[in-house]
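Dear colleague,

I am passing on the structure below, and would be grateful if you could look through it alongside these notes.

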Amino acid sequence: MGPDAVPAGCVFAADGSYAARLTREGPSWYPERWTFGPEPYAVALAGNQPEEPGTEVLPLADGQVLIHRTPAGLHTFSLLYPTGPATGPATGRQTGERPLGSVECHALSLLPAAPDGATAYALAPGEASTAVWRVAGGAYGPQHVAEVPGFCAGGAWLDTSGRLLALDQERDGVTKTVVVDLKRGGETTPLLQIAEHSNDRLLLADPESGLLLVRSDAAGEDRIGWGVLGSMLPVRFPRCLRAPDLLLTPFAVQPGQLLTPEACAVALRMDGPGGTGIGLWRPTSRHVVGLTPPEGWLAGAGRWTRAGVLRLPYATRNVPCGVADVDFPASASEPVEDLAPEEPEAESPPAARPVPLREAPLTGRAVVG
């Protein structure tokens, strides 16, 4: 990356009011908080010294930004917030910092923002199990809250209270999604089991509607499918989401569709030989609508409003903090771009006894659809 390049990627707060990213000016890296509203603006949260490129940031709903640093093998956490007027182009406003403590372990990474907007969690995989740590929002410092067998990655919230955390758990060479109940000492129950030996991962979840986006190789190749938490129907794998020359990654789901999860708008990042694009899709549609992202899009970042407007953050040399609003096309029956010819949807392999997804976190029975 050249000295004038704009680094990509940012993370949203739970309510979408803020975002944060690690960026740089010249050789110096620093956190930057974006505030969304009628006129989005960015505030630099630079400290007394530059940050390392691998530093993680996570905005909270109150505007503070959690920062995760790794000095000398430790994983330290602090809350950053602006405290005064601008002091220069490289530092932006003066920055306050409140240390939260540290965790000593080999590897640790932040999970997506918890639904309450004030709590943050992290995963620390070990040799035989993965620890879940609460690193912000607790009574005192980082707290170990659960130990999950196997190697766990990913992370998605299944409820609006921050109790049920879905993780992709690898055991004996097979990956399945499980639910960790943080209010019951980390009790773990299965969520996805499409076929006995398939790798089934949860990509994205909307706690309000229950819509789940998954990736599974149950059919012999990785496919993206969708299901609904609490439904007796199997996971479905639409033909339009099968694109051999593209890597599709869902990154945003429209909230607020409480009774109609199949009407949720979904945004997908599309990576292929021609570069990176964006796809818009709904479970009720047989088509993916392709569009060109705005120049300087922070690739993979975006947030749907309840009204169905996709907000895409971007940064260029002339517009350091920009947001492009995209409406879902009124008629998806005339797509801009079809990723594959229309044909009947492929469903998950038949199972002996489907279990409603709503029962998975509480009963311990495997979900097969």
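The notes that follow take up the pocket, the salt bridges and the sheets in turn.

This is a predicted model, in which local features need pLDDT of at least 70 and side-chain atom pairs count only at pLDDT 80 or more, while totals for chains, interfaces and linings use all residues. Residues are numbered from 1 along each chain as its sequence is written, and side-chain values use heavy atoms, with hydrogens and water left out.

The largest pocket has a volume of about 1700 Å³. A pocket here is an open set of points on a 1 Å grid over the protein atoms alone, where a 1.4 Å probe fits, with protein on both sides within 12 Å along at least five of seven lines, and lining residues have an atom within 4 Å of a point; the volume is the space filled by probe spheres set on the points, which are joined across faces, edges and corners. Its lining comprises 50 residues, and those nearest the centre of the pocket are Phe12, Pro112, Ala113, Phe251 and Arg303. The lining divides into 32 nonpolar, ten polar and eight charged residues, where Ala, Val, Leu, Ile, Met, Phe, Trp, Tyr, Cys and Pro count as nonpolar, Asp, Glu, Lys and Arg as charged, and the others, Gly among them, as polar. Strands (DSSP runs of E, at least two residues, numbered from the N terminus) that each supply at least two lining residues include S2 (18-25), S13 (151-157) and S21 (247-253), and S21 gives the most, with five residues.

Turning to charged pairs, the count comes to ten salt bridges, each being a side-chain nitrogen of Lys or Arg within 4 Å of a carboxyl oxygen of Asp or Glu. In one of them the side chains of Asp181 and Arg163 meet at 2.7 Å, N to O; because Asp181 lies in strand S15 (residues 174-181) and Arg163 in the loop between S13 and strand S14 (164-171), the pair ties together parts that are 18 residues apart in sequence. Asp181 is buried, with a relative accessible area of 0%, whereas Arg163 is partly exposed, at 26% (buried means under 20% relative accessible area, exposed over 50%, and partly exposed in between, with a 1.4 Å probe and protein chains only). A further salt bridge joins the side chains of Lys176 and Asp200 at 2.8 Å, N to O; Lys176 lies in S15 and Asp200 in strand S17, so this pair ties together parts that are 24 residues apart in sequence. Both Lys176 and Asp200 are buried.

S21 and strand S22 (residues 266-272) pair over six bridges, and Leu248 has Met270 in S22 as its bridge partner.

An open sheet of three strands has the order S25-S26-S27, also with antiparallel pairing, and its edges are S25 and strand S27 (322-327). Strand S26 (residues 309-314) pairs with S27 over six bridges, with Leu312 having Ala324 in S27 as its bridge partner.

With kind regards

Definitions and conventions. Helices (H or I, at least four residues) and strands (E, at least two) are DSSP runs, numbered from the N terminus. Two strands pair if DSSP finds at least two bridges between them.
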